[in-house]
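Please have the sequence and the structure open while I talk.

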Amino acid sequence: MANNDLLALDTELNTMIMNGEAMEAFEKFYAEGVEMQENDMPPTVGKDANRAREIEFFGNVTELRGIKVLSNGAGGDTTFSQWHNDFTHKEWGEKNYTQVAVRTWKDGLIVKEVFYYGS
């Protein structure tokens with residue numbers, strides 16, 4: 001896919017997430033065998049396992065003060081999005097941080113996503 005096409009997909013995905021449609025975006029844009037990874041932790045493999053992980057995460061957010069994309073781009077089969085997140089999590093408390101999501105795409109679907117952020 002051309003960079004502009006991937007960037008359009010990435011932008012649509014990000015918009016859905018910011019509009020509170022994260023799980024709908026997950027179903028639409030993530031491949032069955034997707035690998036999702038936090039920093040250098042081992043990846044979670046497969047759409048079912050990642051769906052459960054996402055549902056658990058969003059179910060533990062008790063207050064969402066803000067989430068927005070600061071920048072994004074595309075090159076080759078990869079997109080990136082720089083995010084600012086501000087929320088309260090049931091187990092982790094108040095979180096206010098910037099992260100980068102790096103997504104690898106194949107045939108219009110995400111096959112790998114890695115989130116990079118400081119602790």
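Predicted model: local features only at pLDDT ≥ 70, side-chain atom pairs only at ≥ 80, totals over all residues.

Is Glu113 buried or exposed? Because its relative accessibility is 1%, and buried means under 20%, Glu113 counts as buried. Its side chain is joined to that of Tyr30 by a polar contact of 2.9 Å. If we leave aside the neighbours within four places in sequence, the residues in contact with Glu113 are Tyr30, Glu35, Met36, Gln37, Ala101, Val102 and Arg103.

Tyr30 also brings us to the largest nonpolar core, which has 17 residues, and in which Leu13, Phe29, Tyr30 and Ile110 touch the most other members. Two or more residues of this core come from each of α1 (3-18), α2 (22-29), β1 (30-38), β5 (93-106) and β6, and α1 gives the most, with five residues. As for Leu13, not counting residues up to four places away in sequence, it touches Ala25, Phe29, Tyr30, Arg103 and Ile110.

Let me turn now to the largest pocket, whose volume is about 980 Å³. Of the 41 residues that line this pocket, Glu54, Phe57, Phe58, Tyr97 and Gln99 are the closest to its centre. Among the elements that give two or more residues to the lining are α3 (47-59), β3 (61-75) and β4 (78-89), while β5 gives the most, with six residues. By class, the lining is made up of 21 nonpolar, ten polar and ten charged residues.

Key: Residues numbered from 1 in each chain as written. Heavy atoms only, no water. Buried < 20%, exposed > 50% of the residue type's maximum accessible area, 1.4 Å probe, protein only. Polar contact = N/O pair within 3.5 Å; in protein donor to acceptor, adjacent residues only side chain to side chain. Contact = heavy atoms within 4.5 Å. Core = buried A, V, L, I, M, F, W, Y, C linked by side-chain atoms within 4.5 Å. Helix = DSSP H or I, 4+ residues; strand = E, 2+ residues; numbered from the N terminus. 1 Å grid on protein atoms, 1.4 Å probe; cavity = no way out; pocket = protein on both sides within 12 Å on 5 of 7 lines; lining within 4 Å. Points joined across faces, edges and corners; volume = space filled by probe spheres on them. Nonpolar A, V, L, I, M, F, W, Y, C, P; charged D, E, K, R; others polar.
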